[in-house]
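Colleague: Could you walk me through this one, feature by feature? I'd like the general idea each time, then the case at hand.

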Amino acid sequence: MPAAQDMPATPARSIAFQGQPGAYSHMACLEMFPELVPLPCPTFADAIEAVREGKADRAMIPIDNTLAGRVADVHRLLPTSGLHLTGEHFMRVSHCLLGAPGARLDQVKTALSHVHALGQCHRFMEAHGIRPVIHSDTASAAARVAELRDPAVAAIASRLSADIYGLDVLAEAIEDAEHNTTRFVVMMREPVVPAPDNGLVVTSFLFQVRNVPAALYKALGGFATNGVNMTKLENYLIDGAFTPAVFYAEIEGHPEDRAVALAMEELGFFSTDVRILGVYPASPRRQQDPDATAR
């Protein structure tokens, strides 16, 4: 598959995602932006670059999963992307066992898929005597099964992949955990900031604390004292050094809210750098289920 920068500019409004057609990121694009044309890209960096160069209006990037945790490489790309977070989307991940046309479940001996998908369907495969085989991703596993046309070889992938690659759905919802959910963020060239006091808002930002004792404790104190709900706090190292760390955080609230403004001001006293990555409406899933981000 060519890199996004090698692709011609698309005439229709489009949304970039990492993976092949049929990937779960592709499904997320269709769910949240059915009016946009999905643009597959080989890597997260390619998807981001497609937006930067104007080949896509926005990108749909997975940021974490309730089972696998945070998505590798995404946090490394956020600070230097030059893009803004403008939305979020929660998608329930439901795995299917896909076989060649005419294949039966009792014929399947091996299943190809991404290592995480295989791990999430362990009980089903064990119960049916199916041997897991690691593949680069779910959609390409489905494409490979379509090429092989071997009833003994199946793929664990989305129902969308079955439609795209002409495969039969041999079993549905085969994942071990019912809460398997991936959270995506939408990235655009320009910020799209909602008005204050117009529904629940999420603010995502990066900060680097001063290298002094209790700096992190003091930096976060303002959020507690001002009643601001922090839903995510993750750290990662930069430039090969163990200190000081950079933190990625998300809070519920608008920077113009008085409580948030006071908390961010206190954060600045104990940080060498604070950078807001995006202010965007909270997903309906977050509002319907306040614990969604914790599972």
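**Reading the model**

Modeller: Let's start with a helix: seven of the nine residues of helix α2 (residues 44-52) are buried, so α2 is largely enclosed by the rest of the structure. Bear in mind that this is a predicted model, where local features need pLDDT of at least 70, side-chain atom pairs count only at pLDDT 80 or more, and totals for chains, interfaces and linings use all residues. Residues are numbered from 1 along each chain as its sequence is written, and side-chain values use heavy atoms, with hydrogens and water left out.

Colleague: How should I read "buried", and which residues of α2 are buried?

Modeller: Buried means under 20% relative accessible area, exposed over 50%, and partly exposed in between (1.4 Å probe, protein chains only). Helices (H or I, at least four residues) and strands (E, at least two) are DSSP runs, numbered from the N terminus. In α2 the buried ones are Phe44, Asp46, Ala47, Ile48, Glu49, Ala50 and Val51. Their cover includes β1 (14-18), β2 (37-41), β3, α3 and β11. After α2 comes Gly54, with a positive phi near 80 degrees.

Colleague: Now sheets. What is the strand order in the open sheet of five strands?

Modeller: Strands of a sheet pair through backbone hydrogen bonds, either parallel or antiparallel. To count as a pair here, two strands need at least two bridges found by DSSP. The order is β8-β7-β9-β6-β10, and the pairing is mixed. At the edges are β8 (131-134) and β10 (168-172), each pairing on one side only. From one strand to the next, the twist averages 30 degrees.

Colleague: How many bridges join β7 to β9, and what packs on the sheet?

Modeller: β7 (residues 110-113) and β9 (residues 153-157) run parallel and are joined by three bridges. In that pair, Ala111 stands opposite Ala154 of β9. Helix α6 (residues 138-148) packs on the sheet, touching β6 (96-99), β7 and β9, and its direction makes about 155 degrees with that of β9. For such angles, axes are lines fitted to C-alpha atoms, for helices over the stretch in contact, and the angles run from 0 to 180 degrees between N-to-C directions. Contact means heavy atoms within 4.5 Å.

Colleague: And β12, is that strand mostly covered or mostly open?

Modeller: Mostly covered: nine of the nine residues of β12 (residues 201-209) are buried. Val201, Thr203, Phe205, Phe207 and Val209 point one way, while Val202, Ser204, Leu206 and Gln208 point the other way. β12 runs antiparallel to β15 (residues 271-281), with nine bridges between them, and Ser204 stands opposite Gly278 there. With β14 (residues 246-252), β12 pairs in the antiparallel sense over seven bridges; Val202 faces Glu252 in that strand.

Colleague: Where are Ser161 and Ser81?

Modeller: Ser161 lies in helix α7 (residues 159-165) and counts as buried because its relative accessibility is 0%. Leaving aside neighbours within four places in sequence, Ser161 is in contact with Gly22, Ala23, Leu98, Ala139, Ala142 and Gly166. Ser81 is in the loop between α3 (74-77) and β5 (84-92); at 2% relative accessibility, Ser81 counts as buried too. Not counting residues up to four places away in sequence, Ser81 touches Ile48, Arg52 and Met187. Ser81 and Arg52 are 29 residues apart along the chain, and their C-alpha atoms are separated by 8.3 Å.

Colleague: Last one: which residues lie nearest the centre of the largest pocket?

Modeller: Gln18, Phe44, Pro62, His114 and His116, out of 30 lining residues. On a 1 Å grid over the protein atoms alone, a pocket is an open set of points where a 1.4 Å probe fits, with protein on both sides within 12 Å along at least five of seven lines; lining residues have an atom within 4 Å of a point. The largest share of the lining, three residues, comes from α4.
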